[in-house]
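Here's a friendly walk through one protein model. Take a look at the structure, then read on with it beside you.

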Amino acid sequence: MAYTPPIDEKQLVEDLQNPKTARTAFDTMMRAYGEPVYWQIRKMVASHEDANDLLQNCFMKAWSNLQNFRGDAKLSTWLYKIAVNETLNFLNKERQRNGVKEEGDDSFLLANIESDEYFDGDRLQADFQKAIATLPEKQRLVFNMRYYDDMKYERISEILGTSVGALKASYHHAVKKLTALLES
């Protein structure tokens, strides 16, 4: 189940936008959302070091854009959206750096899974992670959010800006591909 921090988001946003309480509130925000945002990133990049760097970028971007946060969405949704965008930008740069020409070819992530010293899963878990890494970017995002974080489609829709129907289709296709890969 997805982690829901025991904080009053509305009060936290007010504290974040008040210059006198902003630093303390930001620390509270990092403690409350740091771990779930880290794992969202980590599931996409498969590397602890890259996930840590992206998490820092995410929070720096949030800090520098606090005055632009209007509260239309939940603070956690806004942070997830920043994290997803940072992660997608990173993956695009990695594709360029690795000379990947084919859309959706994220095979370079497989090396991250195999070489990650922080990965302590068994062979089956490693195979599962490798299979997930072969999914197209959007399907991988939706699968991770739904399968690992148990996010509702409506919340994923807010984060990714995609219709619920399209998300359900992406998840369905991801499950079919993963099943086929793991059965072969």
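## Inside and outside

Let's start with a term: a residue is buried when its relative accessible area is under 20%, exposed when it is over 50%, and partly exposed in between, using a 1.4 Å probe and protein chains only. By that rule, 45% of the 184 residues in the protein chain are buried. The chain's accessible surface is about 10600 Å², and carbon and sulfur atoms account for 50% of that. Areas like this come from the Shrake-Rupley method with a 1.4 Å probe, and for residues only the protein chains shown count as cover.

A quick word on where this comes from: it's a predicted model, local features need pLDDT of at least 70, side-chain atom pairs count only at pLDDT 80 or more, and totals for chains, interfaces and linings use all residues. Residues are numbered from 1 along each chain as its sequence is written, while side-chain values use heavy atoms, with hydrogens and water left out.

## The overall plan

What elements does the protein chain have? There are nine helices and zero strands, so reading from the N terminus you get α-α-α-α-α-α-α-α-α. Here, helices (H or I, at least four residues) and strands (E, at least two) are DSSP runs, numbered from the N terminus.

Contact means heavy atoms within 4.5 Å. Among contacts between residues at least 6 apart in sequence, 61% join residues at least 24 apart.

## H1 against H2

Helix H1 (residues 9–17) packs on H2 at an angle of about 140°, with the axes 7 Å apart. That makes H1 oblique to H2. Angles under 35 degrees count as roughly parallel, over 145 as roughly antiparallel, 65 to 115 as roughly perpendicular, and the rest as oblique. The axes are lines fitted to C-alpha atoms, for helices over the stretch in contact, and angles run from 0 to 180 degrees between N-to-C directions.

From H1, the contact uses Glu9, Leu12, Asp15 and Leu16, and from H2 it uses Ala22, Ala25, Phe26, Thr28, Met29 and Tyr33. Sorted by class, that's seven nonpolar, one polar and two charged residues. Ala, Val, Leu, Ile, Met, Phe, Trp, Tyr, Cys and Pro count as nonpolar, Asp, Glu, Lys and Arg as charged, and the others, Gly among them, as polar.

## H7 and its partners

Helix H2 (residues 22–45) also meets helix H7 (residues 137–148): their axes come within 10 Å and cross at roughly 135°. That makes H2 oblique to H7. H2 brings Gln40, Lys43 and Met44 to this contact, and H7 brings Glu137, Arg140, Leu141, Asn144, Met145 and Tyr148. The class count is four nonpolar, two polar and three charged residues.

H7 packs with helix H9 (residues 164–183) too, at about 95° with axes 8 Å apart, so H7 and H9 are roughly perpendicular. Residues of H7 including Val142 and Phe143 meet residues of H9 including Leu167 and Tyr171. This contact divides into eight nonpolar, three polar and three charged residues.

Thr77 sits in helix H4 (residues 75–97). Is Thr77 buried or exposed? Thr77 counts as buried because its relative accessibility is 2%. Leaving out residues up to four places away in sequence, Thr77 touches Arg155, Glu158 and Ile159.

Now find Asp150, in the loop between H7 and helix H8 (153–160). Its phi is near 55°, a positive value in a residue other than glycine. At 43% relative accessibility, Asp150 counts as partly exposed.
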